Amino acid sequence: MKIIMLGAPGAGKGTQAIKIAEKYDIPHISTGDIFRYNIKNNTELGKEAKKYMDAGKLVPDELTCDLLLDRVKKDDCKNGYILDGYPRTIPQAEVLDEALAKNGEKIDHAINVNVPDENIVERMSGRRTCTDCGETYHIKYNAPSREGICDRCGAKLIQRDDDKPETVQKRLTVYHDQTEPLIDYYKNKGIYKEVDGTKSMDIVFDDICNILG
Ligand code: ADP
Ligand code: ADP
Ligand code: ZN
């Protein structure tokens with residue numbers, strides 16, 4: 001099964017994608033995580049991507065598409081995968097669809113986690129991210145058992161630079177301009193589904209599982 005998670009930054013794509021990946025035993029692929037890994041390891045790609053990420057902009061398609069196509073060619077993707085944060089532009093969606101079509105494959109589900117802008121700022125200002133394993137928490141809705149410490153690996157939790165309110169506004173504008181058109185793109189393909197992302201994490205998860213069957 002090949003699944004795409006759509007939604008504004010902070011809508012809860014990552015939170016859900018991790019649980020779905022576990023349930024269906026498919027890899028969770030987050031382009032944001034891949035970029036952050038490259039930044040942490042100071043690679044050329046990381047240096048380049050950081051400029052855009054810090055400004056709340058999208059990393060250019062030229063850097064993003066090849067990276068994603070290489071990732072989905074790996075062995076662990078044979079039985080499918082769940083994409084979290086890709087595609088974010090129509091050209092990114094087209095590149096993926098074309099690459100899949102060459103092998104007679106396609107995306108099965110595009111699921112939009114729908115959260116209005118008013119709720120997004122609260123979601124993102126409360127998000128805390130593990131500096132080591134990347135696990136995500138929320139100070140109010142999903143607090144770690146010890147403040148500032150990752151439950152999973154014990155490393156320090158931080159607020160991502162791009163989760164500060166100034167950058168969040170910018171990212172929301174970019175989302176509406178460049179990413180939201182994907183809703184119609186996948187509606188036209190007949191694989192679009194939507195869940196109410198303002199509900200609790202458990203309810204959102206159940207709603208997605210009902211769609212996936
Ligand atoms: P969020 O969890 O808020 O949705 P991500 O971790 O997915 O954010 O992405 C963080 C940043 O990484 C984005 O704001 C963007 O700069 C960059 N990025 C991630 N995925 C893509 C993509 N598919 N295309 C372009 N830029 C991306
Ligand atoms: P995205 O990957 O779409 O950027 P995340 O999964 O990182 O979003 O979630 C953003 C923040 O909101 C995190 O701090 C997360 O713990 C929290 N969160 C996710 N889903 C919910 C929910 N249904 N209710 C309340 N908070 C949530
Ligand atoms: Zn951790």
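Predicted model: local features only at pLDDT ≥ 70, side-chain atom pairs only at ≥ 80, totals over all residues.
Asp 25 sits in the loop that runs between helix H1 (13–24) and strand E2 (28–30). With a relative accessible area of 69%, Asp 25 is exposed, because exposed here denotes a value over 50%. Its backbone also deserves a look: phi of Asp 25 is near 55°, a positive value in a residue other than glycine.

Next, select Asn 42, which lies in the loop between H2 and helix H3 (44–54). Asn 42, although not a glycine, has a positive phi of about 55°. Its relative accessible area is 53%, so Asn 42 is exposed.

Now turn to ligand 1 and display the residues around it. The shell holds 20 residues, and those that come nearest are Thr 31, Arg 36, Lys 57, Gly 85 and Arg 171. By type, the shell divides into 6 nonpolar, 6 polar and 8 charged residues. Colour helix H2 (residues 31–40) as well: this helix supplies 4 residues, the largest share of the shell around ligand 1.

- Lys 13: an N or O atom of its side chain is 3.0 Å from an oxygen atom of ligand 1.
- Gln 92: an N or O atom in the side chain is 2.9 Å from a nitrogen atom of ligand 1.
- Arg 127: a polar side-chain atom lies 3.0 Å from an oxygen atom of ligand 1.

On its own, ligand 1 has 550 Å² of accessible area, and the protein covers 96% of it.

Pro 87 belongs to the loop between strand E3 (81–84) and H5.

Which residues lie nearest the centre of the second largest pocket? Select Val 72, Lys 73, Leu 100, Asn 103 and Glu 105, which hold that position among the 14 residues of the lining. The space in this pocket amounts to about 320 Å³. Two elements give two or more residues to the lining, namely helix H4 (61–72) and helix H5 (90–102). Of the elements, H5 gives the most, with 3 residues. The lining of this second largest pocket comprises 6 nonpolar, 1 polar and 7 charged residues.

How values were computed:
Residues numbered from 1 in each chain as written. Chains lettered and ligands numbered in written order. Heavy atoms only, no water. Near = heavy atom within 4 Å. Polar contact = N/O pair within 3.5 Å; in protein donor to acceptor, adjacent residues only side chain to side chain. Areas by Shrake-Rupley, 256 points an atom, 1.4 Å probe, with all protein chains shown as cover. Nonpolar A, V, L, I, M, F, W, Y, C, P; charged D, E, K, R; others polar. 1 Å grid on protein atoms, 1.4 Å probe; cavity = no way out; pocket = protein on both sides within 12 Å on 5 of 7 lines; lining within 4 Å. Points joined across faces, edges and corners; volume = space filled by probe spheres on them. Buried < 20%, exposed > 50% of the residue type's maximum accessible area, 1.4 Å probe, protein only.
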